[in-house]
Amino acid sequence: DSLEGDTLADGSFALRLAGTVNERFPYTLELLTNPSARDAGGTREGWTFELSFAFLDTALHATGEVADPLGEPSAEIRFGLGIDRFEQVERLLQVRLPRPGPSALAGTLAWRRGVLIARDLNATVGDTVLAGAIELRTDSARPKLSGALSLPQLDLRPFLVGEPADRPRSLLDTWRELEQVTIPLQALTSLDVDLRLEVGRWLSLPGDARDASLHLRIEDGRLAVPLQATIAGVVMRGEAQADARTVPPRLDLVLRAERTPLADLGRLLFGAPDLEGTLGRFDLRVSGEGSEVRDLARSLSVKIDVAQARLSYGHGAGEQPVSFSLDTFELKADPGQPLAAKARGALLGSPLRATIEGGELAGLARDGRMPLRVDAQAAGVRVGMSGTLAPPGPQDGPEIGFGLTAERSGALAGWLGLDASGKAPIALQGQVRVRSGETTLRDGSLVLGNSVLTANVEIPGEGGRRAVRARLSAPLLDADELRALLPRRKGD
């Protein structure tokens, strides 16, 4: 809309520019330059400058020097940039940009002989906070980025999936986000990297990921990232590796922990917040292949190995904790294959063996549904479950059939409060269905020795106004036998 310029006798120059973008959004630019010095022959060696730019809620201010522009040019620029809304910058540049939220960046840029140095960096980009220095070398056959950054907070999601919703609450949420990322792994071949990162809190990941140290190295398309981080309260060490030269590119991640409290890892991995205890060893291996990040997500293979775990559950108010151990626990989920797990350990001091079969991991991540089958045996007790896991809703939700059998009731003394010497056989079974409005037990039955009990129960959901409805019947009761199965008091 307007352009003004002034030139003074000493060679300084002032420029003022004002205009609009799309005839609606105003911007202004002001530039002041001064010759910095002359050499012995009277030739100008460079200029100093000051630049101010404003566009809606975006502002840039920079000062600096440009030296020897006709010989070996070099420059040093001190800048400050503030962006309130990235969609405004999109209008200005006519390109699609990430939208991390209000951002501010300040630092110093220096350029000389093909080397760009960014030092004294301080930035807040949405929820990400960083400080440090980096260097980009373009004076060799392959560009190379190096340096060190401290990030008290890191959130990569705006740069991967656009405008994300709430923070991921589970690993499945993270999987769903990665399935949307179209970044090609071939990008690893565009430059070499040697970058050290210290991350205080990693907001892009579920659970509580913090105190991470990473050494990001890329050489000739091969990625290697030794790392250490505290995840869900557990200190883990490992390495991520990728090779963009293979067809298709491949990624491998290994995380390990030894002799550590379980902390909140049970909730993160299995949705079991009530688990407590210690782990002798924990290994997590994740691998995948594909030309884009979303291809990696869809082809992920996951393996978890646990050894020498001492755990317990039942820590709620009024509950009696139950202890168990896992000498070994192995879980494996390959693409296109059902999840499979097996465990060997002890429950209430008795040997325990268990197997778990589920559906494909990708199906669980997409719609939350998965078939499930569990079979466990411990000291004459056998427990089985079979059905479908699904998010509870008005018309859909988990439906699980269960069964428990024991040759002698004494084997369940620790659970049911029975006499440990009881010899009557036990069989318990039923169907549990969970909906957002109620939980039901159908066709429940208990056979204890000669006695038979049946039950159908409806429990309203949280906030429901209906009372619990139950229909109980006892086709056969052997009172004398039941009395004998209860623990004997002293003097009896």
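Student: What do the numbers and values rest on?

Tutor: Residues are numbered from 1 along each chain as its sequence is written, and side-chain values use heavy atoms, without hydrogens and water. As the model is predicted, local features need pLDDT of at least 70 and side-chain atom pairs count only at pLDDT 80 or more, while totals for chains, interfaces and linings use all residues.

Student: Why does Ser409 count as buried?

Tutor: Buried means under 20% relative accessible area, exposed over 50%, and partly exposed in between (1.4 Å probe, protein chains only). Ser409 has 0% relative accessibility, so Ser409 counts as buried. Ser409 is in the loop between β23 (399-406) and α7 (413-416); helices (H or I, at least four residues) and strands (E, at least two) are DSSP runs, numbered from the N terminus.

Student: Which residues does Ser409 touch?

Tutor: Contact means heavy atoms within 4.5 Å. Leaving out residues up to four places away in sequence, Ser409 touches Leu418, Gly422, Lys423, Ala424, Ile426, Leu448 and Leu485.

Student: Why is Ala54 called partly exposed?

Tutor: Ala54 has a relative accessible area of 31%, so Ala54 is partly exposed. Ala54 lies in strand β4 (residues 44-55), and its contacts beyond four places in sequence are Pro26, Tyr27, Thr28 and Ala59.

Student: How many aromatic pairs does the structure hold?

Tutor: The structure holds 3 aromatic pairs. Rings of Phe, Tyr and Trp (its six-membered ring) pair if their centres lie within 6.5 Å; planes under 30 degrees apart count as stacked, over 60 as edge-to-face and the rest as tilted.

Student: Why is the pair of Tyr27 and Phe53 called tilted?

Tutor: The ring centres of Tyr27 and Phe53 are 6.3 Å apart and the planes stand at 35°, so the pair is tilted. Tyr27 lies in strand β3 (residues 25-38) and Phe53 in strand β4, so the pair ties together parts 26 residues apart in sequence. Phe53 counts as buried, because its relative accessibility is 17%.

Student: What makes Tyr313 and Phe324 a tilted pair?

Tutor: Their ring centres are 6.1 Å apart and their planes are at 55°, so Tyr313 and Phe324 form a tilted pair. Tyr313 belongs to strand β17 (residues 301-313) and Phe324 to strand β18 (residues 322-333), so this pair ties together parts 11 residues apart in sequence.

Student: Why do Tyr313 and Phe324 get the labels they do for accessibility?

Tutor: Tyr313 has 34% relative accessibility and therefore counts as partly exposed. Phe324 has 16% and therefore counts as buried.
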